[in-house]
Amino acid sequence: MEQYYEIWSDQMVAGQELALWQEIYVKFYQAFIEKDRWQQYLKGVGTTLWVTAMALALGIALGMAVAIIRSAHDQQQPGRKHWLLRIANSICKVYVAVIRGTPMMLQLLIMGTVIFSSSRQFTLVGALTLGINSGAYVAEIIRGGLMALDAGQMEAGRSLGLSYGDTMRFIVVPQAFKSILPALGNEFIVLLKDTSLISVIGGKELLYAAQGIATRTYEQMFPLLGTAAIYLALVLIFTRILNILERRLHQGDRH
């Protein structure tokens with residue numbers, strides 16, 4: 001079909017009128033097949049998944065730390081609040097409030113053009129920013145799950161001689177994980193889609209690849225529609241995986 005593309009492409013350049021399906025074929029060929037441009041989309045997908053995984057890992061680590069600090073502070077007995085935990089809790093509250101109260105785009109611009117203005121690792125800076133942003137939301141998700149558990153779970157663990165950390169690790173967190181999994185899954189999906197924002201600071205993910213192709217072909221529709229279709233497919237796949245995981249966890253409860 002390459003010969004037809006060359007003929008019809010030359011006719012379009014010469015200003016000759018083509019049938020609608022012929023124009024669509026030429027633009028599709030330019031966007032995905034010519035010069036193996038599909039490989040650029042594939043590379044963009046790989047970068048998108050890498051950024052999502054890195055951001056989610058950082059977000060969970062930050063979120064878990066913040067949630068545990070805030071939960072530990074709230075569970076202290078009146079009149080016995082530790083001053084160091086009070087300071088840590090205040091820092092965590094400011095972090096959550098600032099991150100959740102400012103737009104993701106603004107955070108990316110500050111990180112990419114101010115804090116890391118001398119860095120050329122745009123994709124890594126984008127992953128770091130997404131992780132810090134996700135951490136604030138994951139913190140509230142985990143904190144809600146921890147606070148929703150019966151306080152007797154913590155008391156039972158401590159009565160068995162377990163430390164606070166061991167009680168959280170072996171008793172509280174595993175039970176809370178099942179209840180917060182749907183919310184964590186939603187956060188993962190949001191992160192996956194938000195990776196498209198790092199292109200504003202030069203992050204080379206899927207949308208960046210599509211924009212580069214659109215610039216070279218002078219055609220926006222097919223690169224952008226193709227990118228949208230890829231994101232949709234990824235979201236549907238991961239949503240299906242999360243639904244399967246959630247069902248299996250609940251089956252374990254019934255057995």
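1. The protein holds 10 helices and 0 strands, and its pattern along the sequence accordingly reads α-α-α-α-α-α-α-α-α-α. Please keep in mind throughout that this is a predicted model.

2. As to the chain as a whole, 38% of the 255 residues of the protein count as buried, while the exposed surface comes to about 14,700 Å², of which carbon and sulfur atoms supply 63%. Among contacts in the protein with a separation of 6 or more, 69% are accounted for by residues 24 or more positions apart.

3. Two packed helices are described by the angle between their axes and the distance between the axes. For helix α3 (residues 38-74) and helix α6 (residues 122-148), the packing angle is about 40 degrees and the axes are 5 Å apart. Because an angle under 35 degrees would count as roughly parallel and one of 65 to 115 as roughly perpendicular, α3 and α6 are oblique to each other. The crossing of α3 and α6 is right-handed, and the contact of α3 with α6 comprises, by class, 20 nonpolar, 8 polar and 4 charged residues.

4. Within helix α3 I would also point to T47. Is T47 buried or exposed? The relative accessible area of T47 is 17%, and since buried means under 20%, T47 is buried. Leaving aside residues up to four places away in sequence, T47 touches T123, K204 and E205.

Methods:
Residues numbered from 1 in each chain as written. Predicted model: local features only at pLDDT ≥ 70, side-chain atom pairs only at ≥ 80, totals over all residues. Heavy atoms only, no water. Helix = DSSP H or I, 4+ residues; strand = E, 2+ residues; numbered from the N terminus. Buried < 20%, exposed > 50% of the residue type's maximum accessible area, 1.4 Å probe, protein only. Contact = heavy atoms within 4.5 Å. Areas by Shrake-Rupley, 256 points an atom, 1.4 Å probe, with all protein chains shown as cover. Axes fitted to C-alpha atoms, helices over the stretch in contact; angles between N-to-C directions. Parallel < 35°, antiparallel > 145°, perpendicular 65-115°, else oblique. Left-handed = near helix turned anticlockwise from the far one by under 90°. Nonpolar A, V, L, I, M, F, W, Y, C, P; charged D, E, K, R; others polar.
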